[in-house]
Amino acid sequence: MLPKPPSSIAPSTSLGSADLITPVQLYSSGWDQAIRRLPKLSTNSTTHLHATPDCVSVSFQPTRLKTHGFVFTPSAAGASVATPRSAATAARAGGPPSSPQGRSTRTRIKPPSDVIKLQDRLFYMLQPPLESILNSESLSFPCQPFPYQYEGIAFLYPRFAAILADEMGLGKTMQAITAVRLLLRAGEVRSVLLVCPKPLVTNWQREFALWAPEVPLDVISGQQHRRRWQWLETQVPVKVTNYELLVRDRELLENSSLHFDLMVLDEAQRIKNRSSTTSQVVRGIGRSRSWALTGTPIENSVEDLVGIFEFLSPGSLSAEMEPRRMAKKVGDYIIRRTKDKVLDDLPPKLFRDANVDLTPAQQTTYKMAEQQGVIELSELREGITIQHVFELVLRLKQICNFDPKTGESCKLERLAADLDEVAASGKKAIVFSQWVKTLQRLDQSLAHLRPLQYHGKVAMGRRDSVLREFKEDATRHVLLMSYGAGSVGLNLQFCEYVFLFDRWWNPAVEDQAINRAHRIGSAGPVTITRFLAIGTIEERIDEVLQHKRAIFDAVLSHAETGKSLGLTQHEIFGLFNLQQPPPSGSNAA
Amino acid sequence: MLSRQPAMEPTVGFLTVIEKDGAGWLGGYLVLNQRARPVEFHCTAPIKPNRAQEILYGPTLRPFVYGEQIGTTLIQKAKSKPQLIFTDTAPAMSARDLIKTPIGLVGLPTAKQPSEPGDINTSHRLDGAHSTTLSEPHWVYVQLGENEITLQPQHADDQALIVRHWTEMELQLDLSEPFERVHQALAEAYQDA
């Protein structure tokens, strides 16, 4: 509550007024009338130009799309619907996983560059991965192929001309057989002719039984009337023959209208010489597809490749082509893989050079033969030929192996010691030589090891049993083999030791020999012992060949290179510091 | 090698659409038999939506072009009538609204894949304005072997149908694999065009 003010101090009130009106006087002026007058109004009319507002219409009628369509034939598309096998079956067959987990490996069949039409290219591109095809076709394998082998099969399958040039031991045979098997299944080929060197016929039989057991096979053999019947017979899809027989049946082949959907040449370097009878007969056979298998498409010179291409695609290659252009030209036809690139887990090759000194007796004989030989060659003057030089080289090389007078051999001493060790450790070894006579001498000298022999003097019918015995008999540790008979197509991967008692002219042939043992399935490192007599012709040849070995790979890797890979005439004459006679040429040894 | 007579057998279709920079959108449709062998292949020429379509269709543009235009055209062009159709791109699933065959998306819809018309939520504000947003759809999932398949919610009945056909055909396909083929074929055809 507020306190009341004291009543004794209340103010007194008084009132007063004041006049606040201000007088206004109006003066007249000339504006008065004008102010009273009403304003004059006027109107302007405008017309609207557009009766309605602007409008933009967008039509969304469905667009008519341009389409392209491709329909595939029932056979090519696999119309014969087989009930898909179960995953368990797939697993039993050892095929690639059928579940989506198996997606890590998908090998596509790519159309070759010479397939031009879009629909044909799409036909290949739209096929399932190779692994799926093999799986769905219930194609069993004795073992799981390597990824690079799938690639090789996918390479061959769509091609009408192809070279499978994998290094020896990578399974060219298996890849070719599987591609053939698929083409037969798809109905794309119905007749196949396989030509191989005679010693390899049984090998192909075995491989077919292993990789395509359901494919009927006919090996052409026997008397002429029987062979005639075999050639004309059409029920068996795959015929196997050898080059020698093909030449013998030349007349029959030329006079018949035989045609094969596919012709496969194994060791196709056999037709490298275009003018040879073998090449002519092979090229004369009617065929739709041509495949060549070889680990050495260029054995001596690029001429070899030209020779093989005359079978594959006549006229498309010439020896005069600049190497880079040639490499580009052949690129789509050739597939080549080497072990070091595709097989990480393949045991290594261990090279060991056994440089030995000739025994005194060998030394004496060698010097005498060399001096006498060079004198003889010099006396021939312009009449000297490459054959004369060759004869001297061969004579000297033979002395390096064995002294013809005393039978002494510096190499044998070392070899015998090594082989004793091999046998003692329960291992197996192959000894290569270019001469049967040398191998026979070794057989006598190493009799305590009971070596087996495999060369041109061993009857064809006995060769398979020799190999079987070598493989299966634990007491057989040594196989004496000639380069000619044993350099191609044989699988001796159970051997861990290879001895090159003498050296071949060509590094590619030596590689082939070594790769009999160093291939898929090799249990351990393969030790290669290369014998070389110091201060002899062997040493001089080796120096030249070391350069050649590097060139071999360079050609196939599309590098600039010289033409010849073997020893040229110039190089052979150079071994004895001889002048090459005037007529030019560069035949390779 | 080629014929105009398609095999009348159970088949499976694989539909895809790719966007080529600067060229436009391409559709590819591959029909396989039970053994995964090609029976038919169809593809479209590239098409380019114009600016007006991009603005006015907004987020529904791809479902419209992928599914209703490209997808439906390709499926109808094929002579084979597959029991099942798979796609690897979610917008193409809208073709299912126009055809009777079940269409499944292989895998799960990813954030990058634009959704489809049925997934658009429209909300209204008090002032009369409205906004359109995309929401997470209620996908239907089904497992076919090792493959995870997504189906549209409005075609939930497809779930039973797709499983039945898959089982009857005894398919053992990795459903992502045929799309590799279609993509390669489109690249080849486009290069050729």
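Figure 1. Gly307(A) counts as buried because its relative accessibility is 0% (buried is under 20% relative accessible area, exposed over 50% and partly exposed in between, with a 1.4 Å probe and protein chains only). The model is predicted: local features need pLDDT of at least 70, side-chain atom pairs count only at pLDDT 80 or more, and totals for chains, interfaces and linings use all residues. Residues are numbered from 1 along each chain as its sequence is written, chains are lettered from A and ligands numbered from 1 in the order in which they are written, and side-chain values use heavy atoms, without hydrogens and water. Gly307(A) belongs to helix H13 (residues 302-312) of chain A; helices (H or I, at least four residues) and strands (E, at least two) are DSSP runs, numbered from the N terminus. Leaving aside residues up to four places away in sequence, Gly307(A) touches Ile271(A), Lys272(A) and Arg274(A), where contact means heavy atoms within 4.5 Å.

**Figure 2. The largest nonpolar core.** This core has 102 residues, and Leu479(A), Phe41(B) and Phe86(B) have the most contacts inside it. A nonpolar core is a set of buried Ala, Val, Leu, Ile, Met, Phe, Trp, Tyr and Cys residues joined through side-chain atoms within 4.5 Å. Helix H7 (residues 172-186) of chain A gives the most to the core, with 9 residues. Among the residues that Phe41(B) touches are Phe70(A), Leu122(A), Tyr29(B) and Leu186(B).

**Figure 3. Helix H7(A).** Of the 15 residues in H7(A), 14 are buried. Gly187(A) follows H7(A) and has a positive phi, near 75 degrees.

**Figure 4. Stacked aromatic pairs.** The structure holds 18 aromatic pairs over all chains. Rings of Phe, Tyr and Trp (its six-membered ring) pair if their centres lie within 6.5 Å; planes under 30 degrees apart count as stacked, over 60 as edge-to-face and the rest as tilted. Phe146(A) and Tyr148(A) are stacked, at 5.7 Å centre to centre with 20 degrees between the planes. Phe499(A) and Phe531(A) are also stacked, because their ring centres are 6.4 Å apart and their planes at 25 degrees. Phe499(A) lies in strand E13 (residues 497-500) and Phe531(A) in strand E14 (residues 526-533), both of chain A, so this pair ties together parts 32 residues apart in sequence.
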